[in-house]
Structures are given as structure tokens and as C-alpha cells.
Amino acid sequence: MKRLVTAFLTLSLLLMLAGPLAAKQPLDHSVYTEWQRIQEQAISRDGRWVVWSMAPEESDATLVLRAVDGDARHEVPRGDSPRFSHDSRFLALNIQPEREAIREARLEEVPAEQRPQPGLGLLDLETDELTEIDRVAEFGFPAESGDWLAWLHAPPAPDEDEDSADNDNDNDNDNDKERDDGRDPGTELVLKRLADGERRTFDHVSEFAFSADGRYLAMAVTTPDGEDDGLKLFDTRGEESRRLRSGEGEYRALTFSDDADRLAFLFRDQREDDERPDAAFALYHWAAGEDDASRIVDEESRFLADDWHVSKHRAPHFSESGERLFFGTAPAPVEMPDDDDVLEEEKVTVDVWHWQDDLLQPMQLEQLEEERKRTYLAVAHLNDDGRLVQLGREQIPEVEMAMEGDAPVFLGVSNLPYRKEISWDWPRYFDGWLIDVETGKAELILKTVQARPEISPAAGYVNWWDREQQSWFAMDLESRDVVDLGAEIDHPLGDHTNDRPFADNPQGRAGWLADDAGFILYDRHDLWLVDPANGNARSLSHEKGRERGWRYRFVDLDPDEAAIDPDAPLLLTAFDEASRDHGFHHAFVDADKAPVERLMTAHRYGRPVRAEDGEALLFTRENFQEFPDLRVAMDASFADTRRLSEVNPQQADYRWGQVELVHWDSKTGKPHDGLLFKPEDFDPEREYPMIVYFYERASEGLHSHRPPQAHRSVIIPTFYTSNDYIVFVPDVWYREGYPGDSAMESIMPKTRALAEEDWVDADRVGIQGHSWAGYKISYMVTQTDFFRAAAGGAPVSNMVSAYGGIRWRTGMSRMFQYERTQSRLGKTLWEDKSLYLHNSPIFMADQINTPLLMMHNDQDGAVPWEQGIELFVALRRLSRPAWLINYNDEPHWPTTFANREDWQIRLQQFFDHYLKDEPAPRWLESGIPALEKGATLGHESD
């Protein structure tokens with residue numbers, strides 16, 4: 001008995017000692033480089049394999065291959081960009097160099113071409129054998145054949161010799177010669193037959209393309225001296241190579257037709273005596289059975305308007321039938337003067353802003369590169385002697401195709417007449433043109449539509465959303481009859497959540513049935529199938545969504561198909577608006593039955609991706625506690641699902657948290673929802689500090705996972721619940737003209753109610769947000785001293801000066817934002833000055849008594865950083881505690897990991913000091929003098 005008591009006491013002591021060691025740890029900033037993120041994923045065509053890459057911040061990735069049915073698994077360090085062969089037998093991937101090796105090379109200022117380069121990995125899924133190839137710039141399989149793999153080597157480092165032994169051609173490898181056009185010569189292309197591993201190599205290839213069936217491999221050849229440039233075609237069946245064109249110049253944009261019987265490419269002649277503009281290319285075409293490629297059009301063709309040319313900025317492509325070849329044309333670029341003999345100080349560099357400009361000068365400059373590359377669609381009718389037709393034109397810059405390019409008519413879209421209005425009105429306006437593909441004739445059929453029109457897949461209709469009538473409309477392109485697609489639906493089709501000063505967006509649409517037999521659209525809850533011929537409508541979900549308070553939406557499992565197959569069950573997502581539960585159901589176009597539930601749980605599900613040749617579905621599942629790991633359902637019934645990844649098992653070692661949905665009425669009586677995050681071991685007998693974080697509305701994200709991360713601007717609730725904070729995330733609803741007051745009316749009633757709970761320390765409540773939330777915080781602290789501390793990033797403090805400013809990232813005027821979108825004022829400055837003054841914190845800065853931390857960076861392209869400066873210098877003069885953090889040369893938020901981590905450290909230090917009485921770090925207590933900039937970050941505390 002004595003021995004038994006001794007053993008019991010010993011065991012008790014061990015458990016007591018082990019307890020603290022086994023206790024979960026709070027999250028800290030070191031975990032950012034520990035937490036993995038899934039960066040890309042794919043499922044093989046046969047559905048037997050799933051691959052993904054994952055990596056923590058600032059760390060090398062790992063590529064993981066996992067068998068769906070079984071335990072087979074393969075990991076490739078530093079692997080990414082995976083691609084399965086068509087037969088799912090092989091997996092090709094990039095193998096990146098070690099990050100540390102790249103870092104060391106950059107520190108030593110090693111030239112980029114001499115740094116470690118990516119390689120290629122080829123994994124045989126039957127033998128589990130991995131083959132690695134160094135210095136690979138590009139690789140590819142044929143789209144519909146598993147027989148071949150080709151890869152293009154990166155240029156050799158300056159101290160390497162290019163080994164051309166066994167190459168297909170016998171060009172010499174004198175890479176020391178320079179081309180007249182300054183272009184780099186091509187490199188070695190390797191073609192591997194996967195069945196037996198046999199290889200063929202080709203010299204000086206700058207670009208390559210497979211035909212879909214893998215029969216042909218086209219190669220642009222760029223030699224060091226230009227003398228042997230050309231376009232080569234290799235026939236993998238006969239293993240024969242031939243040239244389709246020779247001549248010094250640039251060959252690019254190699255494109256096969258779907259049936260592999262045709263090839264198109266662009267060519268720019270580079271002969272020394274050639275005076276054609278650098279931008280001018282010729283379009284060439286080759287058809288099976290022909291010896292050479294023939295020229296379709298060049299800048300001398302009468303088809304082109306004066307000073308127009310074939311553009312390199314639009315790759316040619318064939319219609320599905322192969323009978324049409326589309327390409328881009330463009331006017332000659334503006335010639336720039338030769339100013340090599342002019343000093344910089346002798347040049348005039350000036351922007352001229354003109355009141356009649358369609359776009360503001362800054363917006364023109366931001367879009368300059370895009371405008372220089374703008375092309376206008378043209379077509380060659382190959383079965384009609386290559387007859388050329390211009391489809392797009394300067395007044396119709398965009399053309400939307402139908403029937404995979406084989407439709408008799410296309411839709412032209414233009415917003416050019418309404419470009420001035422972009423500065424102050426929203427959404428944008430469009431005109432629609434019907435373009436005859438045979439003749440190029442364009443007919444204006446829609447004007448001043450405040451939504452982009454679309455052409456149906458079979459080219460029978462054009463559909464659009466009418467904001468004024470709040471319905472979908474369709475025009476029969478043969479009769480020109482217009483049908484109201486929502487006339488027989490008794491429920492609103494507009495988005496009920498819109499509280500901005502413009503007419504509602506639509507709830508959305510699933511799209512068209514095959515052959516334009518019907519159009520599927522949404523109300524708030526259900527799907528409706530509408531006959532475009534007469535407007536007859538019926539609910540495909542039998543209005544079960546409305547009955548249950550759910551939202552049904554269509555999941556497109558065949559994104560390559562333009563239309564929906566009416567004979568296949570429709571996979572729908574289902575979202576319970578009350579509980580925020582999520583899942584999948586099936587609806588049926590032809591069967592008269594309600595949606596069939598497949599899966600419905602207290603989770604959030606990612607969009608499924610179906611194996612192309614199978615039934616398996618790849619998807620994710622998550623909630624606040626559960627990371628969105630990869631799962632596979634063996635078919636769309638979701639009866640047999642399997643979890644494949646376990647990306648962050650270390651989460652079990654850390655304190656996490658819990659979340660609940662909360663409800664209240666705002667000051668005006670409007671029902672509101674929000675999220676309340678509590679510590680994992682929440683104790684109702686204990687008082688916790690609380691942080692209010694918000695943006696607009698987030699309550700539908702109840703089941704979203706929130707891993708720790710060095711976020712660019714805002715707090716992560718998980719991090720703070722792990723460190724004994726309560727976090728409240730309220731939804732905000734707005735009254736037009738009063739965004740600041742709306743924030744007060746939405747947020748404060750529940751915040752005050754929570755502060756009255758025994759488990760919230762009412763004297764230790766903070767508030768945090770960025771950008772639009774940063775503005776609202778700046779306004780709120782002029783109205784209340786309730787908060788112990790506030791952190792508002794990139795705030796608009798002066799709506800008068802901000803209204804007339806520029807969003808420098810886009811070059812747009814800020815007027816549209818205040819009148820029509822997020823700021824929700826609804827009027828111009830001169831229509832109601834009082835609104836702009838009333839909503840501007842700067843004019844009430846003397847009412848701010850709350851310590852205010854701002855982060856506003858000097859390259860902010862969304863909110864001018866002068867807005868933060870205005871408020872800061874006002875508070876500084878008023879002797880109110882305020883800080884302005886500026887990450888040099890950063891935009892609206894910090895982008896580098898170092899800066900993001902630093903901001904998260906400062907946020908925690910700020911709130912820990914004011915809400916937990918932790919010692920103030922030096923930067924918070926006394927600042928960092930410019931003399932010490934770079935010497936210290938001031939995180940330390942005295």
C-alpha cells in the first residue's frame with residue numbers, strides 16, 4: 001500500500017510539472033514565418049492526384065503531391081507552378097533556388113544573370129522518380145496529349161558555355177556576336193518523349209508552342225547574328241523538322257488552331273535596309289499540307305488604314321472551327337524626337353491639363369502603357385481567300401466574341417462618350433454595337449447603359465442590367481425585340497445591401513443555357529430560369545431559398561464552356577443568412593423537384609474544382625478554428641470526402657479563440673450583426689480589454705479562418721484573442737450624406753452594451769481600422785471620448801481638400817468616391833458644402849482627446865498622405881497625443897514583410913500600453929529623432 005501511495009504522489013508531481021510545459025502558448029510575432037499558406041493547388045485530369053505548394057512568409061515553398069485514394073505522397077522542396085500531363089502520368093514543376101542563396105547573391109551585388117536560376121522538376125507518378133533539370137525558363141505539355149514535354153533553358157551565365165552537342169540544327173554557337181536589333185539570341189529547347197525518355201534539342205529558340213494534340217512543335221529561332229533566324233516546325237509523328245519561314249527578324253505569338261491543321265505567327269523583318277517602323281509586324285499563316293507559311297497582312301496591305309499596322313500586343317488566335325484568324329491592328333505610335341544631343345536641363349518636360357480632356361492628365365499617364373499597347377480586333381476569313389475585315393475601331397475599342405469566334409455577329413462595347421463622367425459618376429456607362437463579322441459593319445443597338453452589356457454564347461441575344469428599372473433585359477439580335485427578363489419575378493433582383501448613392505447592382509446571374517435556350521438569374525435567395533423569347537420565368541430552386549432564409553448560387557464546374565448544360569445537375573452553394581452555415585445542393589433544369597441537399601455545415605467552403613476527366617472535386621473547408629485545408633469529394637454528392645492536407649498542425653500548440661454572431665439595433669433602430677471574438681479559455685468572471693475593429697460589413701465571415709499574419713494594415717482577431725483581448729467586429733450601415741454619424745449609430749450601441757458586461761473592462765476599450773475605417777475612427781473620436789486609444793490608418797481628415805484630389809494609383813479624380821461610392825455623400829461640394837464640412841474630422845480636431853495612432857505612407861495612391869499630415873499637425877498643435885507612422889516609399893499600406901511585421905509590432909505595443917498598462921516603447925514614449933533614423937526602430941522600452 002505504501003508503494004502504491006508513493007507511486008501516486010510521484011505521478012501527481014510529474015503531472016504538475018508537465019502541466020505548464022504542455023500549456024498552449026500565446027501567439028507572438030515570430031509565428032509569421034512559421035505559419036504556412038497554400039499558394040496554389042490543382043487536381044489531375046483523372047482525379048487521382050492533388051498537388052499544392054505551401055510556404056510560410058519569407059521562406060522557401062514546398063510542393064506536395066498526394067494520392068486521392070491512398071497514402072502515396074511526394075514532397076519537392078522549393079517546388080511551385082505544377083502542371084499535370086494530359087494523361088495524368090507526369091507532373092512538371094518549377095524548382096526555385098533557395099531564398100537564402102538569392103539573398104546572399106543580392107547582398108554581394110551579383111548580376112541577375114549570374115544568380116541561381118529556377119530549374120525544372122519532372123515527377124513520374126507511376127515510378128515516383130523525380131528528374132531535375134537546371135536553368136529552365138519555360139516548360140509545357142501539349143494540352144491534349146501526354147506524349148511530350150518541352151522546356152526552354154534560361155540563357156547561360158556569362159561564365160558558362162552552351163553545349164550544343166546532339167542539337168537538331170548545326171548553327172554555330174557564337175553568342176559573342178551582337179544582333180542589330182539588340183535582342184538576345186534564343187537558347188536551347190529540349191523536347192522529351194515521355195514514354196521512353198528520348199530527347200531532341202534545338203538551338204537558339206526564343207519561343208515555342210505545341211499543337212493541342214502534340215503532333216507539332218513550333219519554334220521561333222533567334223540566332224546570335226540573325227543570319228539563320230526563322231520559324232521552325234517539328235512533326236513529332238514523323239520526327240521531321242522543317243522551316244516555314246526564314247529571314248532575320250522577330251518571330252513571336254505562335255498559335256495553333258484547335259485541330260492543329262493551322263498555325264499563325266507574327267513576324268517583324270529586321271533587315272538593315274528595312275525602314276519599316278519598329279512596331280510594324282506581319283501576320284503569317286500556315287495550313288497542313290503547305291510547304292511554307294504565307295503572309296496574310298503587313299503594313300503595306302491596302303486593308304489597313306493609313307499609318308496603321310499589325311500589332312505585336314495582341315497574339316493571333318483561331319476561331320473554334322479554324323476558319324477565322326483574329327489579330328490586332330493599331331495606329332502607328334507617336335514618334336519621339338531624337339534628343340541624344342540635348343542636355344536634361346535643356347528639355348521641356350510638361351503636362352498640359354485641358355478642360356476638354358476625356359480623361360484627366362494623371363489618369364492618361366497612369367494608363368499610358370496600356371494605351372500604347374491598345375489594339376483593335378481584325379479577322380482574316382481563311383476559307384474566303386484570307387479576306388480581311390476590321391471589327392474593332394477607335395470609337396469601338398472592345399469587341400466581345402460569341403460561339404468561340406464563329407458567330408455571325410459580335411458585340412462591340414465602348415465607354416468613350418462617357419469618359420469625362422468617370423471623374424464624378426458611378427457606375428460607368430456603355431454603348432453597345434452589333435458588328436457583322438463578315439463585313440465589319442457596326443450598328444448602334446444600346447446607348448447609355450449603366451452596366452456593361454454582354455452577348456449570349458450562341459449570339460442570339462444581348463443582355464444587360466437596367467439600373468433604373470432594376471431588372472435584366474435581353475434583346476433578340478434578329479428581331480431587335482427587347483424582353484424584360486424579370487417581369488414575371490415578384491421579388492427584387494437588385495442587391496438589397498447597397499447603401500451607396502447609386503442605383504442597386506444586380507444580385508447576379510448564372511448565365512445562359514446552351515443554344516441560348518434560357519437565362520438564369522438570381523434574386524436575393526433563389527435562381528430563376530427565364531425564357532428570353534417571352535420572359536416566362538420559373539424558380540429552379542423552387543423558392544426554397546426564400547422559404548429557408550438561404551442564398552443559392554450556381555457553381556460553374558465547366559469554366560471552359562460558355563454555356564450551361566441543361567441536362568446536367570446544377571451544383572449550387574447554399575448560404576444560411578441566419579446561422580452563416582454553408583454547403584452544396586443540386587438543382588435541376590428539366591426535373592420538377594426542389595434542390596437536393598448534399599452538404600450543409602457550420603463552415604465556409606471554397607469553390608470546388610472538378611477533375612476534367614472525372615467526377616472528383618477539389619475544395620477547401622474552414623471555420624475560425626479550422627484552417628482551409630484541401631479536401632476531395634469523390635463525386636458531386638459529397639458523400640465520400642477526404643482531407644488531404646494538414647498545413648498547420650502547430651496551431652494546436654497555441655492559444656486560439658472562439659467567435660460568435662451577435663445582434664443589436666442601431667441608434668436609428670436598424671437591425672445590425674457583428675462578430676465577437678473571445679479568448680479560447682474565456683472566463684466570464686474575468687475582465688478583458690476590448691478592441692473594436694471594423695471596415696464595412698464582415699458578419700458573413702463568421703466561419704472564416706483567420707491565421708496569424710503580418711497584415712499590411714489591420715489587427716488579426718486571432719492574435720489578440722490569443723493574447724487575452726476581446727475583439728468586436730461590427731457591421732456598419734449608412735445613411736446617405738452622413739458616413740461619420742452612421743458609424744457612430746451602428747457601432748456605439750453594441751460597443752457600449754458590451755462594455756457593460758462583467759467580462760469587459762469598460763475603461764480599456766480601443767478601436768482600430770484602416771483607410772475607410774481609418775476615416776470613420778478619426779470622425780468618431782471627435783464625437784466621443786469613450787475609447788482609451790484609437791489607431792486609424794490612412795484617414796481622410798478633410799473631405800473638402802480630399803474631394804478635389806487625385807487617387808494617384810489610378811490617376812482618377814476623387815470626386816466619384818464622395819458623390820457615388822464609398823464616402824456616400826451623394827452631392828457635389830458646391831451643392832452642399834455643409835456635408836463636406838460636417839463629415840471632416842479636421843474641423844473638429846479640438847474635440848479629439850483620444851490618443852490617436854495613424855499610419856500613412858508617403859506613396860499612398862488611394863488616400864493622399866497629406867490627409868494624415870493635416871490631422872497630425874492639428875493634433876500636435878493642440879497638444880493632443882498623436883503619432884504618424886510613415887513607411888518610406890510605400891503605398892496605401894506597407895508591402896514588404898519587414899514593414900508589415902513592424903506595423904503589427906507597433907499596433908500591439910500601442911494597445912498593450914493603453915489597454916494593459918504595459919510600459920511604453922521608446923517610439924511611443926518619446927519618438928525617434930531623424931538623427932537616429934535607421935539606427936533604431938524604438939521597439940525597446942525603458
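Colleague: In which sense do strand 11 and strand 12 pair, and over how many bridges?

Modeller: Strand 11 and strand 12 (residues 199–210) pair in the antiparallel sense, over five bridges. Strands are DSSP runs of E with at least two residues, helices are runs of H or I with at least four, and both are numbered from the N terminus. Two strands count as paired if DSSP finds at least two bridges between them. Before we go on: this is a predicted model, where local features need pLDDT of at least 70 and side-chain atom pairs count only at pLDDT 80 or more, while totals for chains, interfaces and linings use all residues. Residues are numbered from 1 along each chain as its sequence is written, and side-chain values use heavy atoms, with hydrogens and water left out.

Colleague: Which residue stands opposite Val 190 in strand 12?

Modeller: That is Thr 201. Val 190 is also the residue of strand 11 that Trp 151 stands opposite. Strand 10 (residues 148–153) is joined to strand 11 by five bridges, and these two run antiparallel. In the hairpin of strand 11 and strand 12, five residues lie between the strands, and Gly 197 takes a positive phi near 80 degrees.

Colleague: How many residues of strand 11 are buried?

Modeller: Buried means under 20% relative accessible area, with exposed over 50% and partly exposed in between (1.4 Å probe, protein chains only). Seven of the seven residues of strand 11 (residues 187–193) are buried, so this strand is largely enclosed by the rest of the structure. Helix 13 is mostly covered too, with 15 of its 20 residues buried. Just after helix 13, look for Asp 917, which has a positive phi of about 65 degrees.

Colleague: How many cavities of 30 Å³ or more does the structure hold?

Modeller: On a 1 Å grid over the protein atoms alone, a cavity is a set of points where a 1.4 Å probe fits but cannot get out, whereas a pocket is an open set with protein on both sides within 12 Å along at least five of seven lines; lining residues have an atom within 4 Å of a point. Grid points are joined across faces, edges and corners, and a volume is the space filled by probe spheres set on the points. The structure holds one such cavity. The largest cavity contains about 40 Å³ of space, and its lining includes Asn 415, Tyr 418, Trp 426 and Tyr 429.

Colleague: And what is the volume of the second largest pocket?

Modeller: About 920 Å³. Of its 28 lining residues, Pro 333, Val 334, Leu 368, Glu 371 and Arg 372 are the closest to the centre. Helix 4 supplies the largest share of the lining, three residues.
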